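Let's take a friendly walk through a protein model together. Please have the viewer open, and turn the model as you read.

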Amino acid sequence: LTGQLVWFGSFDEKVYALDKDTGQQVWSVQLDGGVFTSPACVGNLVLAAGRDGELACFEATYAVQPKQ
């Protein structure tokens, strides 16, 4: 949970950001090889490990779809 967003990884190989009040999806990002761990929030960053060993880092923002 960061600010207005709730983050989670899914079996469909994506990391999702949902609005904490409405539950509506704000955006999602596909991780190559799938999501291995729950996302961790550090400051204004969200980190997620992929099954392929890659660590993805996203800015924890409401309005912008993150770039990989």
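**Strands, rings and core**

Start with β1 and β2, which run antiparallel and are joined by five bridges. This is a predicted model, so please read every value below as computed from predicted coordinates. Within this pairing, Phe 8 has Tyr 16 in β2 as its bridge partner. The hairpin of β1 and β2 has four residues between the strands, and Glu 13 takes a positive phi near 70° there.

Now move on to the next pairing. β2 and β3 are also antiparallel, with five bridges between them. Here Lys 14 stands opposite Gln 30 in β3. These two strands form a hairpin as well, with five residues between β2 and β3. In that turn, Gly 23 has a positive phi of about 80°.

Step back to see the whole chain. It has six strands and zero helices, so reading from the N terminus gives the order β-β-β-β-β-β.

Next, the aromatic rings. How many aromatic pairs does the structure hold? There are three. One of them involves the bridge partners Phe 8 and Tyr 16: their ring centres lie 5.2 Å apart and their planes meet at 15°, so this pair is stacked. The cut-off behind that label is an angle under 30 degrees between the planes. Are these two residues buried or exposed? Tyr 16 has a relative accessibility of 11% and therefore counts as buried, while Phe 8, at 32%, counts as partly exposed. Buried here means under 20% relative accessible area.

Elsewhere, ring pairs link Trp 7, Trp 27 and Phe 58 into a cluster. These three residues turn up again in the largest nonpolar core, which has 13 residues. The members that touch the most others are Trp 7, Val 15, Ala 17, Trp 27, Leu 31 and Phe 58. Which strands each supply at least two residues of this core? They are β1 (5-9), β2 (14-19), β3 (25-30), β5 (45-49) and β6 (55-59).

What about the cysteines? Cys 41 is partly exposed, with a relative accessible area of 32%. Cys 57 has a relative accessibility of 40%, so it is partly exposed too. As for disulfides, the structure holds zero.

A stop at Gly 53 takes us to the loop between β5 and β6. Gly 53 counts as exposed because its relative accessibility is 69%, and the threshold for that label is over 50%.

Finally, here are some totals for the chain. Of its 68 residues, 31% count as buried. The accessible surface comes to about 4200 Å², and 52% of that belongs to carbon and sulfur atoms. Among contacts between residues at least 6 apart in sequence, 28% join residues at least 24 apart.

Key. Residues are numbered from 1 along each chain as its sequence is written. This is a predicted model: local features need pLDDT of at least 70, side-chain atom pairs count only at pLDDT 80 or more; totals for chains, interfaces and linings use all residues. Side-chain values use heavy atoms; hydrogens and water are left out. A disulfide is a pair of cysteine sulfur atoms within 2.5 Å. Buried means under 20% relative accessible area, exposed over 50%, partly exposed in between (1.4 Å probe, protein chains only). Rings of Phe, Tyr and Trp (its six-membered ring) pair if their centres lie within 6.5 Å; planes under 30 degrees apart count as stacked, over 60 as edge-to-face and the rest as tilted. A nonpolar core is a set of buried Ala, Val, Leu, Ile, Met, Phe, Trp, Tyr and Cys residues joined through side-chain atoms within 4.5 Å. Contact means heavy atoms within 4.5 Å. Accessible areas come from the Shrake-Rupley method with a 1.4 Å probe; for residues, only the protein chains shown count as cover. Two strands pair if DSSP finds at least two bridges between them.
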